[in-house]
Amino acid sequence: MQSDYLESRAADAAEEAVVLDESVTVAEAVKVMREKDVSSVFVSRKGEKIPVGIVTERDVLYRVVAANMGPFKIILKDVMSSPLVTVSDSATVRDAVTLMRSKGIRRLPVIRAGEMAGVITLKTVVGNIPSKSIELAHIEDKKAKTACPYCGSKFDDNEDLSKHIDRIHLGSGLLEGDLRQW
């Protein structure tokens, strides 16, 4: 079931995933990012079905602007992060998050049948919770008891777990989207 969740989240984000050729200039890529309202583009190489790299807004700022390089002359191949870390569509959400954390990345392309099916991001998995590190709850056994990642208390479903974490560990309102205290 969790792999279905990963596949569906990646499919939802597939429309947002923008893939550009490695020969495109950084300036052109930034224009596309603005038009598509995305914070990164995946970089492809002719003849390859799976992208070979990624360029993020941060890459543009640090590798192009801060290095005083001309965005109209520099191509994506010169500033992309590569090799691209990917995950199979059969992976669990937990596997995907663990991989992202271990590699220090926030975007993870999901591969199905030798092609990019979409992209999973930390934001799509846990939402936009600023500066908080929340471990994903895990399923204890086939009885589907979910354990709190903070104190180990067991719950019958994720809704009860969410209320517990909100009430006991984080404070009222956070998981319902109230970020005023942050």
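Modeller: Let us begin with a single residue, bearing in mind that the model is predicted. Asp 37 has a relative accessibility of 73%, and because exposed means over 50%, Asp 37 counts as exposed. Asp 37 is located in the loop between helix 2 and strand 2.

Colleague: Let us turn to the whole chain. How many helices and strands does the protein chain have?

Modeller: The protein chain has seven helices and nine strands. Of its 182 residues, 36% are buried. Its accessible surface comes to about 11100 Å², and carbon and sulfur atoms account for 49% of that surface. As for sequence separation, consider the contacts between residues at least 6 apart in sequence: 45% of these join residues at least 24 apart.

Colleague: Which residues have the most contacts inside the largest nonpolar core?

Modeller: That core has 18 residues, and those with the most contacts inside it are Val 18, Leu 20, Val 26, Val 41, Val 55, Leu 76 and Val 79. At least two residues of this core come from each of helix 2 (26–36), strand 2 (40–44), helix 3 (57–65) and helix 4 (76–79). Helix 2 gives the most, with four residues. Leu 76 shows how such a position is read: leaving aside residues up to four places away in sequence, its contacts include Leu 20, Val 26, Ala 29, Val 41, Val 43 and Val 55. Asp 21, Glu 22 and Thr 25 are also among the residues that Leu 76 touches. A second, separate core has ten residues, including Ala 96, Leu 108, Ile 120 and Val 125.

Colleague: How does one read the two sides of a helix, taking helix 5 as the case? Which of its residues are buried?

Modeller: In helix 5 (residues 93–103), the buried residues are Val 93, Ala 96, Val 97 and Met 100. Seen down the helix axis, these buried residues fall within an arc of 95°, so they line one face of helix 5. The face turned away from that buried side carries Ser 102 and Lys 103, which are exposed.

Colleague: Next, the sheet. In what order do its three strands lie?

Modeller: The general idea is that strands of a sheet pair through backbone hydrogen bonds, either parallel or antiparallel. In this structure, three strands form an open sheet in the order 4-5-6, with mixed pairing. Strand 4 (87–88) and strand 6 (115–121) stand at the edges with a single partner strand each, so one side of each has no neighbour in the sheet. Strand 5 (residues 107–112) pairs with strand 6 in the antiparallel sense over six bridges. Within that pair, Ile 111 is opposite Met 116, and Arg 107 is opposite Thr 121. Helix 5 packs on the sheet, touching strand 4, strand 5 and strand 6, and its direction makes about 135° with that of strand 5.

Colleague: How many residues lie between strand 5 and strand 6 in their hairpin?

Modeller: Two residues lie between them, and Ala 113, with its positive phi, is in the turn.

Colleague: Strand 6 is at an edge of the sheet. How many of its residues are buried?

Modeller: Five of its seven residues are buried, so strand 6 is largely enclosed by the rest of the structure. Thr 121 is a residue of strand 6. At 17% relative accessibility, Thr 121 counts as buried, since the cut-off is under 20%. Apart from residues up to four places away in sequence, Thr 121 touches Met 100, Arg 106 and Arg 107.

How values were computed
Residues are numbered from 1 along each chain as its sequence is written. This is a predicted model: local features need pLDDT of at least 70, side-chain atom pairs count only at pLDDT 80 or more; totals for chains, interfaces and linings use all residues. Side-chain values use heavy atoms; hydrogens and water are left out. Buried means under 20% relative accessible area, exposed over 50%, partly exposed in between (1.4 Å probe, protein chains only). Contact means heavy atoms within 4.5 Å. Accessible areas come from the Shrake-Rupley method with a 1.4 Å probe; for residues, only the protein chains shown count as cover. A nonpolar core is a set of buried Ala, Val, Leu, Ile, Met, Phe, Trp, Tyr and Cys residues joined through side-chain atoms within 4.5 Å. The arc is that of the directions from the helix axis to the C-beta atoms. Two strands pair if DSSP finds at least two bridges between them. Axes are lines fitted to C-alpha atoms, for helices over the stretch in contact, and angles run from 0 to 180 degrees between N-to-C directions.
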